[in-house]
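Take the model one piece at a time.

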Amino acid sequence: MEVLKEEEEGKEAAKQEAAAEPAAEPTAEPSEEGEMMQPQEVGRRGTIMTQEMLRDLEKKLLGIEITVPEKPSIITKDTIDISKLPCSYQSNTPEEEHLLEVADNFSRQYSHLCPDRVPLFLYPLNECEVPKFVSTTIRPTLMPYPELYNWDGCAQFVSDFLSMEPLPDPLKPALWEKEEAPPKKYAVRPPRDLTSRFEQEQERKRQEKIKAEEERRQREEEERLQEVDSTGTDPLHGLRVHSWVLVLSGKREVPESFFIDPFTARSYSPQDEHFLGIESLWNHKNYWINMQDCWNCCKDLIFDLGDPVKWEYLLLGTDKPRLSLVDEEDDTLSEDYDIENLGKEDEDKCFDMPHSWVEQLEISPEVFETRCPNGKKVIQYKKAKLEKWAPYLNSNGLVCCLSTYKDPECTKILEVKEWYQNREDMLELRHINKDTGLIVDYFKPGHPQALRVHSYTSMQPEMDRVMEFYKTVRVDGLIRREETPKTMTEYYERRPDFLSYRHVNFGPRVKKITMNSTESNPRTVLKITERFFRNPAKPADEDVAERVFLIMEERIQLRYHCRENHITASKREFLRRTEVDSKGNKIIMTPDMCSSFEVEPSEHTKKLLYQYETMMQLKKEEKLCRHQAWESELEVLEILKLREEEEEAHTLTISIYDTKRNEKSKEYREARERVMHEEHLQQVEAQLDYLAPFLAQLPPGEKLTRWQAVHVKEECLSDFKQRLIDKANLIQARFEKETQELQKKQQWYQENQVTLTAEDEDLYLSYCSQAMFRIRILEQRLNRHKEMAPLKYMALEEKLCKDPRLAELLKSFV
Amino acid sequence: MNRLYNSLEPRVMDDDMLKLAVGEQGPQEEAGLLARQEGILFKDVLSLQLDFQNILRIDNLWQFENLRKLQLDNNVIERIEGLEKLTHLVWLDLSFNNIEAIEGLDTLVNLEDLSLFNNRISKIDSLDALVKLQVLSLGNNHIGNMMNIIYLRQFKNLRALSLSGNPIAEAEDYNMFILAYLPDLVYLDSRHIDDHMKGLAELKHQFSIDELKHRENLIQARLEDEQARREELEEHKAAFVEHLNGPFLFDSMYAEDVEGNKLACLHGAGELLEAYKDKFVVICVNIFEYGLKQQEKRKVELDTFNECVQEAIQENQGQGKRRIAEFEEKHLLSLSAIRDESELSNLEKKIVECSKDISELFNTLMTLEMQLVEQLEETINMFERNIIDLVGLFIENVQSLMAQCRDLENHHHEKLLEIAISALEKMVKGELEEDLPDEVRALFVDKDTVVNAVGSSHDIHLLKIDNREDELVTRVNSWCTHLVDKIHKDEIMRNRRRVKEINQYIDHMQNELDNLECSDIID
């Protein structure tokens, strides 16, 4: 772990500065992505490599203060049991020995010719302390997971396994920009702008000044922060050697070569200035040294590994890499041709790379799903921490947690994002803002109450909260409900009554002296505002757009929809104050109880009768509305209760296809396996050759005589009879033994009956019943055996008669 | 039939009777009190029941414009009449009367339920206008011919039919026949029709029904064809180039041209005429296609213009609405503040402020409207120029094509004249071999006659061409003027409506405030 950390440190330093010094040493993989290294392999190799490098790096690093906070190590270093590894790990084959000699020779020549360059990384020690040539550590393997088929998925998996930072997909789709529609021919000119230019200018200047001031301050702040961050430049710049994966262009439609950082799964172009240069490349077939000058980082490098001037190879012509030449011009092609011919001539002389000593690589589905070692992983970022878990590892379904902090020391949490999977309540993401205390829950479709988003600060009712719903699920068309301590606002869509919005203002609770305090005591409703969409079936003058019930004032306000080509809308207000006039007569309706403004006054609506009927209707609807508001309150309570229960239980769903976790599926699978197994056994039995032992006694290869056939048959039958008798005897013996034991026990009981404790008596009784059961079973088996034995005997006889080896002979005998 | 008939005098449907009925059937209790106070207008009545009134003649119902349901059962009505104005009627009950023929229902297009039970009707007809008919009750009548059922096939929504008590219901085949010929029926004589019976009936009458269907389909197809042709012609007319996509014009040139037809018999004239016709038709088709193209262009132009104008108006309306909404929000607050205010000086100040707000709103809205008027005026003028240009170009090009026609005609005329003169010469010399009809031969008495004949034919042709051209030009010009006039007029109307609307609104606001003042002062 330490090793990895330091390497990352070095890499970051390399990213920050870019100087033209060739120092990097990427692992090159000029093979197709399908043949990617197995991740465990990568991890091991990385470790080995850095151990090697560590020796000279360690001294230099010792003198440097590392300001990175200590991160908790979640991967315990694998302690490898060397004795269990196959012998290919522990020793070298003659070919490998030969290869090592070649490599040693090569290395010596190299250090002689290029004394300035870093020694070559050719044969590090493996986990068994055995030197192995780097190329033989790579074993190209095709994995059965489609995610691993392409480089990005594969690199992602490797980086997860190496417990390094993951990255969002680098190929984000471009944002769709709305195209500005071209001006139409008869588009009217915008009205003249009569505002004062001067004033605007002045205002703008003032704003700019403020903005500039702010920007300046911000910049200063940033600079200050940066200064704090980048204390001390990296003295090791350009000295570190890293391992990278290089994918060469050509096969599998790779358009151009690129690097992959195995720790982040990020791809880099060779043009990237973080790469200072390349020392050498290797794959499972060969090893090349870069002979090109890296003064301009890797930008000018030509990855034509077939060119011996640019790339010095270790082994001659095992496999000519001619990836880059597919689309090249003619001259390069001919050159390549020469090289190939050369290779063919030397075929006999050349030495092939030995086969990899690494074991067959296998990733079990469990390991693949778990991804990280132990299914857990913590990544520390600057001011943030990312934790990952494998699915089903946490009982509440938590799979990912991102905490952001206010300070670089990571002590004050700013916000937390928790991702869940396989939750039965469909919770997908919980976003907790520690500053405001606001919690936002996001649900996937399928929550029993159709919840989509729930944001709240507390689970207590009548507090600030917003609930959003999946609109296609709810019958009442509710899509959003906002609550504050005094109000509740609901938004609807696609209702047959065209209701779009309902806003309820609550007053304080009236203190009622009720006997049963458990009865809900709803708050008084002060005001209900409802808005409606336009109902195309009604004329605008009769289609209410908004109605307000001012319940305390007994006032009802209606606003109608606006007619087409109008800017004013009809309004009507009903006010009912007095029920009885000065003489004590009941007032039904007076003109002052309804004031209205009509865009197009009509005689019909001026009538008191019409107004009276409308008012009565509204009164009825007011009651309904209040009931609705009350029901909404109840529903909120219900949802809150349900949410609490769900949170309490946090059950996880398991797909029925997941036969490992789903109990039912597991049982079913196991039952099926058992059945299959039994069937298999039966089949084997059916194929059992009864005659085999008896035929074996006869001299082989000779044809049976009739006498021999009869003899064999007799022998087989008598043997079978003996076995039947033996079996009967065995059952009989067991039966007798059980009976005897029971009798003994009974005797013992009768003798000691007086002194026995209740416990002993119980024990005795249970023994008795069990013994009786056993005896009964044995009796049954014996009886059954007696019944079956003759049948079985006859069946065998018949079978033997029909046996093709005996049938002919026996038939004539009969 | 009606026991009361003899004992009682028939009554007249007069105002008193109707008023009484409306009053009795109107709102009850509290609402009834109100209704009595105010009186109910006949045109507000939706449903009227006039049964057992001994009515002989339907009358005085023209005021009930909005009536939906009318019950006139159990009277002594003899004719269906006086229902023409009741176009909203959905439900009409005329059962238990003395009606002998179905009539007077041609305006009741919304009728869904018609009951003529227990009358003296012997033939089902005159129901064509009732396209929405769902329930038809004709029981206890004198219908005797089964073929009346076929008449009912045209009512696609008819679901319930009752015919029991008619002579036809006695027939053995009655049920099966109706089920087979009216397959969409769900209830017959108040009984639900089961699918099994329907299947049987269909099988039984399959042959004749298939034949009937085939005939109906043929008629339908012909109607559709005609419709399509009419529409096409309308389209061509809109492009002002109807009947130019073929030899119509050419044929019309020769339709009234006696001499021309005679001369065509001459040797060589026939071929000449054929060639001339071909060329002429090509030009006509050119004009036709050009006309359609131009029409398309004009349409696009007009659509773009309309769209832009609508956009501008919508935008302006949106602004207006926003202003009003803002104002109303503020206004409500200030009104309630005024209501709550107790101190007189403050009150006055607030009222003044409020009315200032109102007049400010008025100014804003009027400014917006003036802006829109200016914008639209400019746009309309631009459109006017463009459309006039377009029309001008169209006319110019059509005229040049017509000129080609005229050239062809002139050319043909010259050729024909040559042929005619040579024929005359030959005739004079007696060399003419051809056998010419006598009337043609009569033309060749002397040179003048021949030249005159050819000339008059030519004149007729030119006249036809000129007429067609004139027609096209006048029509397109008048279309253009009308269009432009209409646009201007519409814009003026729009402006007036808006100004009126604004004034009305502002007046209302001001009145409201004044009323508030008054009541406050009284308080």
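Buried means under 20% relative accessible area, exposed means over 50%, and partly exposed lies in between (1.4 Å probe, protein chains only). This is a predicted model, in which local features need pLDDT of at least 70, side-chain atom pairs count only at pLDDT 80 or more, and totals for chains, interfaces and linings use all residues. Residues are numbered from 1 along each chain as its sequence is written, chains are lettered from A and ligands numbered from 1 in the order in which they are written, and side-chain values use heavy atoms, with hydrogens and water left out.

Begin in chain A. Pro485(A) sits in the loop between β16 (478–483) and β17 (487–492). Helices (H or I, at least four residues) and strands (E, at least two) are DSSP runs, numbered from the N terminus. Is Pro485(A) buried or partly exposed? Its relative accessibility is 43%, so Pro485(A) counts as partly exposed. Its contacts (heavy atoms within 4.5 Å) include Glu462(A), Asp464(A) and Arg523(A), leaving aside residues up to four places away in sequence. Arg465(A) is 20 residues from Pro485(A) in sequence, and their C-alpha atoms are 9.1 Å apart.

Glu622(A) belongs to helix α10 (residues 608–649) of chain A. Its relative accessibility is 12%, so Glu622(A) counts as buried. Beyond residues up to four places away in sequence, Glu622(A) touches Phe549(A), Ile551(A) and Ile556(A).

Now move to chain B. Chain B has 13 helices and ten strands. Of its 523 residues, 41% count as buried. Take contacts in chain B between residues at least 6 apart in sequence: 58% of them join residues at least 24 apart.

Helix α5 (residues 174–181) of chain B comes next. Why is it largely enclosed by the rest of the structure? Seven of its eight residues are buried. Among them are Tyr174(B), Met176(B), Phe177(B) and Tyr181(B). The buried residues of α5(B) pack against α4 (148–151), β8 (160–162), β9 (187–188), α6 and α7 of chain B.

His205(B) lies in the loop between α6 (195–204) and α7 (206–238) of chain B. With a relative accessible area of 10%, His205(B) is buried. Residues up to four places away in sequence aside, His205(B) touches Asp173(B), Met176(B), Phe177(B), Ala180(B) and Tyr181(B).

Finally, look at where the two chains meet. The contact takes 43 residues from chain B and 34 residues from chain A. About 3,400 Å² is buried between chain B and chain A, and carbon and sulfur atoms give 55% of it. Buried area is the accessible area (1.4 Å probe) that two parts lose on being put together, summed over both. Glu30(B), Leu34(B) and Glu501(B) supply 17% of the area that chain B buries against chain A, more than any other three residues.

How many salt bridges are there between chain B and chain A? The count is one. A salt bridge is a side-chain nitrogen of Lys or Arg within 4 Å of a carboxyl oxygen of Asp or Glu. The side chains of Lys571(A) and Glu328(B) form a salt bridge at 2.9 Å, N to O. On the side of chain B that touches chain A, the elements that give two or more residues are α3 (29–38), α10 (269–340), α11 (344–429) and α13 (447–522) of chain B. The largest share of that side, 15 residues, comes from α10(B).
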